[in-house]
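Me: Hey, can you walk me through a protein I've just opened? Here it is.

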Amino acid sequence: MDCSFLRCEKNPLITKDDLPYRANTVFNAGAADLGDEVVLVMRVESLSGRSHLIVARSEDGITNWRVSDRALVHPDDGDMYEEYGVEDCRVTYLPDKGVWGLTYTACHCAGHSIAVALTSDFRNIERLGLAFPSDNKNAVLFPRKINGLYAMLHRPASGGGSIWIAYSPDLIYWGRSEMVVPPRGGPWWDGLRVGAGVTPIETECGWLVLYHGVKGMVSGPIYRVGAVLLDRENPARMIARSRRWFLGPETSYERLGDVGNVVFPCGGFVRGSELWVYYGAADSSVCLATISVPDMLDTVLSEPVI
Ligand code: BMA
């Protein structure tokens, strides 16, 4: 079966020209579906070279984006672990708390760490601190507790480029670490390193998790999007993994930009049977692509774990 993402014909949805102030670029965005509007938490790289997080809202999730002129999280907010910038936010609704959990990369003079924060309105946040010391990126929270604990996928730099899982009773103290998805090595499209993207989607067959996979080329890395299926009650156990990618850089806006050949999924949600994924293209715009969840599940399930 040919199961691939369908790119939105309005792509790229948001570029730096849509911002209410001058900046270098806007890209990787977490997403929240509020029903009557879609909220994106986008990474904007300012002309200083550091990134901040800014909110955009649209009723249909495609057109008429209203971009805030005040950062949700900014390196000048006074947090010493964010003074080099904040990047690549993932957004997960936490039903037991009735708020949204944000995970983003906090950049500082000692590297990159995972910061965790809460918001109820996407206007103000409550910082919960760093989940792990550096170097660590690509964190996303599961949308419910598993066996009584919050769960988070993340990517420690010292883990060989693999996705790991950690658990917490309170979103502050994290432990019980296990490796979940290693890069496949060699010439594989996800051979060099991998990192989780969109909030895990609970299905009858397991947690469907999108991830970016990086292949190292002599000309530089190529970032593509694949999927794994994780056990519902023990998400450290991988049930299946896509052998091929579902989205790769093909269009001019994915091939060319500040960092070319990059599609980088951070945000998304399920509407009906469709998965909407907001992804950064070439570190220069925010784009949207959709895919059928049942078709994606069938494709991933037809493939053995490697
Ligand atoms: C990764 C992250 C992403 C970025 C990607 C490609 O390491 O920093 O924010 O989109 O590289 O440059």
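Me: Where does the model come from, and how are residues numbered?

Reply: This is a predicted model, so to speak of local features we need pLDDT of at least 70, side-chain atom pairs count only at pLDDT 80 or more, and totals for chains, interfaces and linings use all residues. Residues are numbered from 1 along each chain as its sequence is written, and side-chain values use heavy atoms, with hydrogens and water left out.

Me: OK, what's the secondary structure of the protein?

Reply: There are two helices and 21 strands. These are DSSP runs numbered from the N terminus: helices are H or I with at least four residues, strands are E with at least two.

Me: And what's the radius of gyration?

Reply: It's 18 Å, close to the 19 Å that the globule rule gives for 306 residues, so the protein is as compact as a globular protein of that length. The radius is taken over C-alpha atoms, and the rule is 2.2 Å times the number of residues to the power 0.38. Along the principal axes, the C-alpha atoms fill a box of roughly 50 × 45 × 45 Å.

Me: How many of the 306 residues are buried?

Reply: Buried residues make up 57% of them. Buried means under 20% relative accessible area, exposed is over 50%, and partly exposed is in between, using a 1.4 Å probe and protein chains only.

Me: Switching topic: which strands does strand 17 pair with?

Reply: Strand 16 (residues 206–217) runs antiparallel to strand 17, with eleven bridges joining them. A hairpin links these two strands through two residues, and Met 217 has Gly 220 of strand 17 as its bridge partner. Strand 17 also pairs with strand 18 (residues 238–241), in the antiparallel sense over three bridges. There, Val 228 has Arg 241 of strand 18 as its bridge partner. Pairing here requires at least two DSSP bridges between the strands.

Me: Is strand 17 mostly covered or mostly exposed?

Reply: Mostly covered: nine of the eleven residues in strand 17 (residues 220–230) are buried.

Me: Now Gly 280, where is that?

Reply: Gly 280 is in strand 20 (residues 274–281). Its relative accessibility is 0%, so Gly 280 counts as buried.

Me: What is Gly 280 in contact with?

Reply: Leaving aside neighbours within four places in sequence, Gly 280 contacts Phe 27, Asn 28, Val 262, Val 263, Phe 264 and Ser 285. Contact means heavy atoms within 4.5 Å.
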